[in-house]
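Subject: Structure handover

Hi,

Here is the structure for your set-up. My notes on it follow below.

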Amino acid sequence: MISRISAAFAVTALMAAPAALAQDQADAPEILLELNTATDGANGSCLLTYVATNRTDQELSQLSYQVGIFDASGIVTRLVVFEFGAFSQGRTKIIQFDMGGTPCNNISRIVVNEVAACTLATDASPAGFCIDALTTSSRTAIQFSL
């Protein structure tokens, strides 16, 4: 009888573990950056549109990331800084970046290289906060990742 109760308890605990892990992940602070569109403008430059969401409990007075741009052959062609500016807690922003003469079909991948600026409104910037909280995704053919 004791072994049946122990087995039932173990099965119940194992079934609850993924739900608890999912809840912990859902509660984790996130800065979500989604590459939403990549369209060529009239001048032939790729216009990247990002949807950024601050799901942290922090007001950011300044946020920017240095990214590496890879061409169609997988070669890094340049490093640029994407400035997201002030970013209120719980806010979603839409931001566009013009890639200055580079057509979209010549960009295969964008990688966040490092945090260029991360200033919390409280002036206390914990080490690694803006990179540790960062989650990236892309709705385009261009890969976007850490």
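Arg55 counts as exposed because its relative accessibility is 53%. (Buried means under 20% relative accessible area, exposed over 50%, partly exposed in between, with a 1.4 Å probe and protein chains only.) The side chain of Arg55 meets that of Glu30 in a salt bridge, 3.8 Å from N to O. (A salt bridge needs a side-chain nitrogen of Lys or Arg within 4 Å of a carboxyl oxygen of Asp or Glu.) Glu30 lies in strand S1 and Arg55 in strand S2, so this pair ties together parts 25 residues apart in sequence. (Strands are DSSP E runs of at least two residues and helices H or I runs of at least four, numbered from the N terminus.)

Before the rest, the ground rules. This is a predicted model: local features need pLDDT of at least 70, side-chain atom pairs count only at pLDDT 80 or more, and totals for chains, interfaces and linings use all residues. Residues are numbered from 1 along each chain as its sequence is written, and side-chain values use heavy atoms, with hydrogens and water left out.

The salt bridge count is 2. The other pair is Arg139 and Glu34, at 2.7 Å from N to O. Arg139 sits in the loop between strand S7 (134-138) and strand S8 (143-145) and Glu34 in strand S1, so the pair ties together parts 105 residues apart in sequence. Arg139 is exposed at 64% relative accessibility. Glu34 is buried at 17%.

Next, the disulfides (cysteine sulfur atoms within 2.5 Å). The whole structure holds 2.

- Cys46 and Cys104: the sulfur atoms are 2.1 Å apart. The S-S torsion is about 90°, so this disulfide is right-handed. Cys46 is in strand S2 and Cys104 in the loop between S5 and S6, 58 residues apart. Both are buried.
- Cys118 and Cys130: the sulfur atoms are 1.9 Å apart. The S-S torsion is about 60°, so this disulfide is right-handed. The pair links strand S6 to helix H2, 12 residues apart. Cys118 is buried at 18% relative accessible area, and Cys130 at 2%.

Last, the core. The largest nonpolar core has 30 residues. (Such a core is a set of buried Ala, Val, Leu, Ile, Met, Phe, Trp, Tyr and Cys residues joined through side-chain atoms within 4.5 Å.) Among the members that touch the most others are Tyr50, Phe84 and Ile110. S3 gives the most to this core, with 5 residues. Setting aside neighbours within four places in sequence, Tyr50 is in contact (heavy atoms within 4.5 Å) with residues including Glu34, Phe84, Ile110 and Phe144.

Best wishes
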